[in-house]
Amino acid sequence: MSSIVFNTFRRCCLYRFRTQLLQRPFFVSHDFCIPQPAAGFAHRKAKDAFAHLEAAHSPDHFGTLSPQVDEPETPDEGDVREEEFLQNIPTRASKLSVRQYADMIKDHLKNNRIREALDVVEVRMKQDRVKPVNYHFNLLIGGCARVGYSKKAFQLYNKLKQHGLKVTGGTYTSLFNACANSPFLADGLKRANGLRELMIEKGYEPNESNYNAMIKAYGRCGDLKTAFQLADEMVARRLSVGTDTFNFLLQACISDREYGFRHALLVWHRMHRMRINPDRYSFNLLLRCVRDCQLGDLETTEQVIEQILSQSIAAGQQQQQPLLKAPDEESTTTLVANADSSELTDRLNYEGVPDLLSANPHLGSLVKLGEVRKAEDRLLLLGGTSNVLGEMKRCNVEPDIRTMTELLDVIPPTYAAEKHLLTTIKQLKLGCDIDFFNILIKKRSMRFDYEGAREVLYMIEAANLEPDIVTYGVLALGCTTQEEARSLLKMMEQADVRMNIQILGAMLRQGCAKHNFRYITEVLNIVKRERLKPNEPFLRHLEQFGKVCEKRDRDYDAKPGKRGRDEFKAEYNRYRMQLDAWREQMGLHGLALDQALGIVRDHPWEQFNQPQPDGFEAVKNPKLRHARKKQHSIRRVDVEAIGEGEDKEKEEGVVRLVSDGQAVEKQ
């Protein structure tokens, strides 16, 4: 019934339409007729009328929507990109060669412009409709690996595979380097494990470079066992194990702060047994182990030392052993039985300075390993500074200023030891850089010899060097009062050096140690005035100082009659009000320490997501900065004056320098 009604209605509409159409006037023009519109509707077009009627009464359309749809106010981004892609076809002249794109990437990476280097492949080559090759991807992966941008390095690796490009051995090496340099050790270790499993699944056999990169990655990420197992795997596969491999193992030892020194001794003497000569970098790494790493439990360390002595005696009779085989009683007993017992006894009872560095080690007159606690004690186990330099000479290795800087970090904190090292530098005719003097200032400041630390400024001047930002940072460690801090800030202003949060953090540390509320408040005001962002150590100093003050406040409340209570209460209340105002200004008001640290902590990869500002290429390039670092001889420094009349110099504040061969005194 409904269909009959619908068809009847449709026929009526068509009849009315035909009737109206026939009643309208026509004019004839040759072969076709065009309906003449009425005078009142001349502005309407016949095409629009037909389109409207066909859309309104067509059985193929449903509903009563208008056929005229307005254009959207904001065009779709995808449509715009598609239109641009279709219209902006690059010319052949605008496209570059594979080598030219690679040169662009290398130029950006050379100046540490990671974001711009990535844009060459991700933006420029897309616009030029040029497909990147694996050489481009390998360059970018290597660049990201050097700065520890492991996440992006593995993303590029996945893109390389998606493009169907060949994965080379260099790609794997760069990826493991990215894991080694990652600021997140757990993430780096996880990625290294996944990559190693993938290589095993694909049946890829690593080469020497791959093994070295894997040892570096696992060692720096704290998995020493796997690092040493990989070294043993290289030996089993008869691959070349050279100085670089052992240097990476020494880096692995440095990552273990509790047992690293013990592992370093095992690695060092394994080099002796394999007749591999250490280089300058090996000695520098060993000295870093001396500075940062402990012996571990004494019982096992004694077994390790006895094992080293036994193996050096019976080196020709011993079979090749794993690098990280833990010494047990049975193995040690076997070694002692194979070795000459009388010679082993002589080395254990040797009189003189211990020497665990050379190929023929001995313990000297060492009484007890339990006394070895500090870095200078561990250096003494190696025979001291003279023996380290003598061993370098026997290995035909020339020390550099980096070696002397590492030695400066581990020698005893006395004027006599510093004078001996400066004399050695003078005799070796080494060029001194500002880093050496910065460590010297820090070493003296840490033993509270602030006057001696300031005297190093005259040494810097005599060596024709200029203080850098680190120099002012270590000098700030000696600013115990507001006056000293103001003097240092004025010195920085005169030298046109802008202060940073690290320098103010060192001053804050001194203010907290001295319980000087006014000093701390002044530092906080400087941070607010200079619009500096507080870092993690800065906030931790404030948090720790707040806990100390709260405890002291409770003690005064428990003993109202205690001397100094009123003065402390007044200063403490004023300080808390100013601290609250400062926290509110910094946007840290009412936040716990963990929450505040989450706000101020910078993500290490954030810098690679923003383009580098122009004009800073020479400064931001680490290699170029290192190449331009000034190194001058310290022959102008009167070494003989250091340490002589120490008490007298402290009283008079005299520093002796040599200028043009004549002694000059500076008050």
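Which residues do ring pairs link into a cluster? The close-up views below start from that question, and the model they show is predicted.

**View 1. An aromatic cluster built from ring pairs.** Here we meet Phe517, Phe545, Tyr556, Phe568, Tyr572 and Tyr575, which ring pairs join into a cluster. For context, the structure as a whole holds 12 aromatic pairs.

**View 2. Tyr556 and Phe568, a tilted pair.** The two ring centres are 5.3 Å apart and the planes meet at 35°, so this pair counts as tilted. Tyr556 belongs to helix H28 (residues 536-558), while Phe568 belongs to helix H29 (residues 565-586), so the pair ties together parts that are 12 residues apart in sequence. Both Tyr556 and Phe568 are buried.

**View 3. Charges over tyrosine faces.** Stay with Tyr556 for a moment: Lys562 lies over the face of this ring, at 5.7 Å from the ring centre. Elsewhere in the model, take a look at Tyr415, whose face has Arg447 over it, at 5.3 Å from the ring centre.

**View 4. Cysteines without a disulfide.** A search through the whole structure turns up zero disulfides. Cys512 is in none, and its nearest cysteine sulfur, that of Cys549, is 7.9 Å away. For a disulfide, the two sulfur atoms would have to be within 2.5 Å. With a relative accessibility of 11%, Cys512 counts as buried. Cys479 also counts as buried, at 4% relative accessibility; the cut-off for buried is under 20%.

Conventions: Residues numbered from 1 in each chain as written. Predicted model: local features only at pLDDT ≥ 70, side-chain atom pairs only at ≥ 80, totals over all residues. Heavy atoms only, no water. Phe/Tyr/Trp six-rings, centres within 6.5 Å; stacked < 30°, edge-to-face > 60°. Helix = DSSP H or I, 4+ residues; strand = E, 2+ residues; numbered from the N terminus. Buried < 20%, exposed > 50% of the residue type's maximum accessible area, 1.4 Å probe, protein only. Lys NZ or Arg CZ within 6 Å of the ring centre and 35° of its normal.
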